[in-house]
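Dear colleague,

Here is the structure I promised to hand over, with its sequence. Please keep it open beside this email while you read the notes that follow.

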Number of protein chains: 2
Amino acid sequence: MKSDIEIAQEAKLIRIDDLAHSAGLSDDEFEPYGRDKAKVALHKDRKPHGKLILVTATSGMPAGSGKTTTSIALTQGLKRLGEKAVVALREPSLGPCFGMKGGAAGGGYSQVLPMESINLHFTGDFHAITAANNLLAAMIDNARHQGQVNLKTVIWRRVLDVNDRMLRNIVTGLGGPANGIPTETGFDITVASELMAVLCLATDLDDLRARIDRLVVGIKRDGSAFTCKELGATGALMALLLEAMKPNLVQTLEGNLAFVHGGPFANIAHGCNSVVATKAAMTLGDWAITEAGFGSDLGAEKFINIKCRAAGLTPSAVVLVTSTKALKWHGLVPLPDIGKPNVEALKKGLCNLDAHIDNLKHFGPEIVVSLNHFATDTDEEIEIIRQRCAEKGVRFAVCDGFIKGGEGAIELARAVMEAAAGEPKPLNFSYETDDDVVTKIEKLATNVYGAKDIELSAAAKKDLKQIQELGFDRLPVCVAKTPYSLSHEPTWLGAPKGFTLPVQRLILNAGAGFVVATTGAIMRMPGLPKQPAALHIDVVNGKIVGLS
Amino acid sequence: MKSDIEIAQEAKLIRIDDLAHSAGLSDDEFEPYGRDKAKVALHKDRKPHGKLILVTATSGMPAGSGKTTTSIALTQGLKRLGEKAVVALREPSLGPCFGMKGGAAGGGYSQVLPMESINLHFTGDFHAITAANNLLAAMIDNARHQGQVNLKTVIWRRVLDVNDRMLRNIVTGLGGPANGIPTETGFDITVASELMAVLCLATDLDDLRARIDRLVVGIKRDGSAFTCKELGATGALMALLLEAMKPNLVQTLEGNLAFVHGGPFANIAHGCNSVVATKAAMTLGDWAITEAGFGSDLGAEKFINIKCRAAGLTPSAVVLVTSTKALKWHGLVPLPDIGKPNVEALKKGLCNLDAHIDNLKHFGPEIVVSLNHFATDTDEEIEIIRQRCAEKGVRFAVCDGFIKGGEGAIELARAVMEAAAGEPKPLNFSYETDDDVVTKIEKLATNVYGAKDIELSAAAKKDLKQIQELGFDRLPVCVAKTPYSLSHEPTWLGAPKGFTLPVQRLILNAGAGFVVATTGAIMRMPGLPKQPAALHIDVVNGKIVGLS
């Protein structure tokens, strides 16, 4: 089979003007970026009407789950059934693209195009977030340097969209008083910037401004919060983020509209694409397919409890992506062997599928399990999963979108249409808005992850005290947690139960509107592996090669 | 009078498709970025034919010289005379835009549009350079961390497009062995990245690749160079810079084509826009107007000795921008008083004009002095300058482009057409390509800056030895020097003579193809002032305000 980038480069793209016009957009509703991308600003009187479908997955494994590919395949499959379906995805991050993971624009015959551009600079949204984040950092430090503010703690860190472990912990401001104040700090990857979450959750420019105003960037000597508003940086950040707030329109390999906008990671942030893009997809499509990063314990949980609650969205159905490989991995088969038939291990790994189904059942929407089909899957293995889904009372479909595009997702598309036929069921949230932060984490830990209780580190207790003093202890919670286990410990596969969830730090994200609770040993800045993907990427005859 | 941004936002822009088509570009020669910008890739069989005009200025002063404004005014003036004129400028840098200087897209009625976009993210070229520069840094440090290379010195630094003094000197890799190797390093501003110079000097993708391959990023334990090629990072950097290599097409307020591409600072880099953009302007225009940063001692010197020599360009005339304010400043009038009539001080400051005329005479092209006219100029003052130009045997014109646009530059346009009527005179370079680095600096110091000799610091002598050992001691020289004086000392105004030029460091830029010689106390990362421009920038009703 051809590589992803070969398939993408051989595709005949619809010109973005034609794509936009055929979707009923007028010229003042979009601006082309190149011949195949556009920034969209829909007329204000248009309203979302499409059914919203969330795509999530069983727990992660090193080989990836195929969630983006399935989202695109489903969208293409719906089109083949004559439905108007639009997909809304997250933008890939440059860091992992040159590191281990590669790009994130789908795969095989279920991709969004232009794949190279989407994976690299795209329309510059992440660069805008990087620039805004770091201008804010420079303005905070400048105010300190000029003696305009005296901070006990600088909370705001810098970001870069690169995997660079050397920047995790640094000391800035060396070289004498003309060069600033020596300060221990560091860089996170751009997707971990609070501004990324702010951009993704903001419903419009006014909301964006209010959220940026609220950013708590430091703590003053008297213990009170030093905000972006008080610093006077909001306007400059608004100017830098003005274009980035507009959702990006591209196309799938089979010519569906695709919005690709915003890209927080679900292990360290809320992991959902932007509210404005999701709503744009619901406005232009009768079906809006969106994904949330990783599993029901990460992206889907935050999609429901943070994004849907804040934006007033209700999904009509949830697609739970799984694979024989993922389940065998959670049945304790080592990575090199997960492509080999192994019914016992598969059965053992079904507990992971069960746990995710149970989580999703609790949230409320109808569920369709989608098997991301591999050539190595045996009929027996597929039947075992189908059987288990029947026992759990949820729909099941095999998806061959990678190999066959939309044609391979017709079974899935039919199942989704059936599941979403009625009015969407009201959502059950995992916690009350009124619960305090600790109660919220406890409810997530016990009801979603399978823990028996939680334990706050000494640092987390100190954080909590400060958050209470600042009056933010009723915010929603965004847990930073490994995607490789339902627990905080990546090596605990299957469906671990009865453990204590260790909460390391509580980080106030007042602009995003949540408190980040870090658990286990989560990194907010990845490193490059021994053989980075960058070594294989090149330009040949003016075209990019080696991007996967 | 209205502010720059008000004038810009009230202008009726030609749609970029119409602008490109009216210039004879076919659809496959440009890609729109929004409705008013495009990336251009001209057919290979098109050849440059237009006359090239360089715009430079007398020595800097805190209020700026109006070089960009004059370049645009001249281009608009030529259009009013029925000539096909295209301007080729540098892209503004985000850092100064939010710092002290503000934007850099011209001013008044001589601007390039869309002003806000050009001043902010534009088409993302600088972000691409930032990303490529920092991926390279991460790959170098990763190779060290993984034990794949053992370096005595890491030369490559990181960059960000922000004024942030705290990043000048930092220690990275703290927090234990999993987080890298503790290393003293720092960030420069993006325009100071060697990749910026590489992008601006590269004639095509093959040349870009060859230059990136040659980047010397570290010194190995055996004293040999560790290059980007050896690291294997060239392909990834090519992919990141592929779009950024294409020149950006926009328009002037009066509808001329304008290329805005590349933006190295002339005090710390070679200070000229890209070779590809200059050639594109010469291809689409009968007149190509381009600027080089600061004075004849900085941008113009490097334009001639580095850019023209490498790219085989010969300007038909040089415009030397000056003003009564600049000359009075160099006649030792304090800043608050430079707008007041002062004939004595003006006469005293003429020595600065003389020195720049003499430098330009040495280079060869015909010279037109352009007085950037202010309402406070008296007739007597203007006559003194006109008289001095007559004595020096160079043309003189008053330019009112800021207030009147092209109409205010007709006198200048006529003078330029007259000056450039014949075949361009061959260039006199300041040094032979065969001269060693030290001889080259000596020739620049004595023949261009007015020094009697040069003195290498101990560090520079050590640098020289290493550059000699690596075999790069015959490269051209790019002097980093203050723009406020012909000397290295910003407070020595007028035309200082007979001083010794102190050379602090010699920095190998093997990819750009020159050795940077730093003199005096030049900074490669600016800081923010007490009241950064960022404090006044905002978004009101969806439009950016306060950008100047």
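**Notes on the predicted model**

N541(B) sits in the loop of chain B that runs between β24 (538-540) and β25 (543-545). Please bear in mind throughout that this is a predicted model. Although N541(B) is not a glycine, its phi is positive, at about 50°, and with a relative accessibility of 78% the residue counts as exposed, because that value is over 50%. In chain A, N541(A) is likewise placed in the loop between β24 (538-540) and β25 (543-545), has a positive phi near 50°, and is exposed, with a relative accessible area of 77%. As background, most residues other than glycine have a negative phi, and most peptide bonds are trans.

The peptide bond that joins L113(A) to P114(A) is cis, with omega at about 0°, and P114(A) belongs to the loop between β6 (110-113) and α5 (115-119) of chain A. In chain B, the bond from L113(B) to P114(B) is cis as well, with omega near 0°, and P114(B) lies in the loop between β6 (110-113) and α5 (115-119) of that chain.

How are the two chains related? Chain A can be superposed on chain B by a rotation of 180° with 0.0 Å of shift along the axis, giving an RMSD of 0.0 Å. The two copies are therefore related as by a two-fold rotation axis. Within chain A, the C-alpha nearest that axis belongs to Y33(A), at a distance of 2.1 Å, and the same surface serves both copies, since 100% of the contact residues of chain A recur in chain B.

Chain A itself is divided into domain 1 (4-123 + 244-419), domain 2 (125-241) and domain 3 (437-519). The centres of domain 1 and domain 2 of chain A, taken over C-alpha atoms, are 32 Å apart, and 29 residues of domain 1 are in contact with 21 residues of domain 2.

Among the buried residues of α18(A) are V437(A), I441(A), L444(A) and V448(A). Seen down the helix axis, the buried residues of α18(A) fall within an arc of 160°, so they line one face of the helix. The N-terminal end of α18(A) is capped by D436(A), which has a side-chain oxygen 3.1 Å from the backbone nitrogen of V438(A), while G450(A), just after the helix, takes a positive phi of about 90°.

Two further residues of chain A can be looked at together. S316(A), in the loop between α12 (299-311) and β17 (317-322), is buried, because its relative accessible area of 6% is under 20%. Leaving out residues up to four places away in sequence, S316(A) touches several others, including K51(A), E366(A) and P424(A). K328(A), in helix α13 (residues 324-330), also counts as buried, at 1% relative accessibility. Beyond its neighbours within four places in sequence, K328(A) is in contact with residues that include V333(A), N342(A) and E381(A), and its C-alpha atom is separated by 8.6 Å from that of E344(A), which is 16 residues apart from K328(A) along the chain.

With kind regards

Technical notes: Residues numbered from 1 in each chain as written. Chains lettered and ligands numbered in written order. Predicted model: local features only at pLDDT ≥ 70, side-chain atom pairs only at ≥ 80, totals over all residues. Heavy atoms only, no water. Buried < 20%, exposed > 50% of the residue type's maximum accessible area, 1.4 Å probe, protein only. Helix = DSSP H or I, 4+ residues; strand = E, 2+ residues; numbered from the N terminus. Arc of directions from axis to C-beta. Polar contact = N/O pair within 3.5 Å; in protein donor to acceptor, adjacent residues only side chain to side chain. Least-squares fit on C-alpha atoms with pLDDT ≥ 70 in both. Contact = heavy atoms within 4.5 Å. Domains from an automatic or database assignment.
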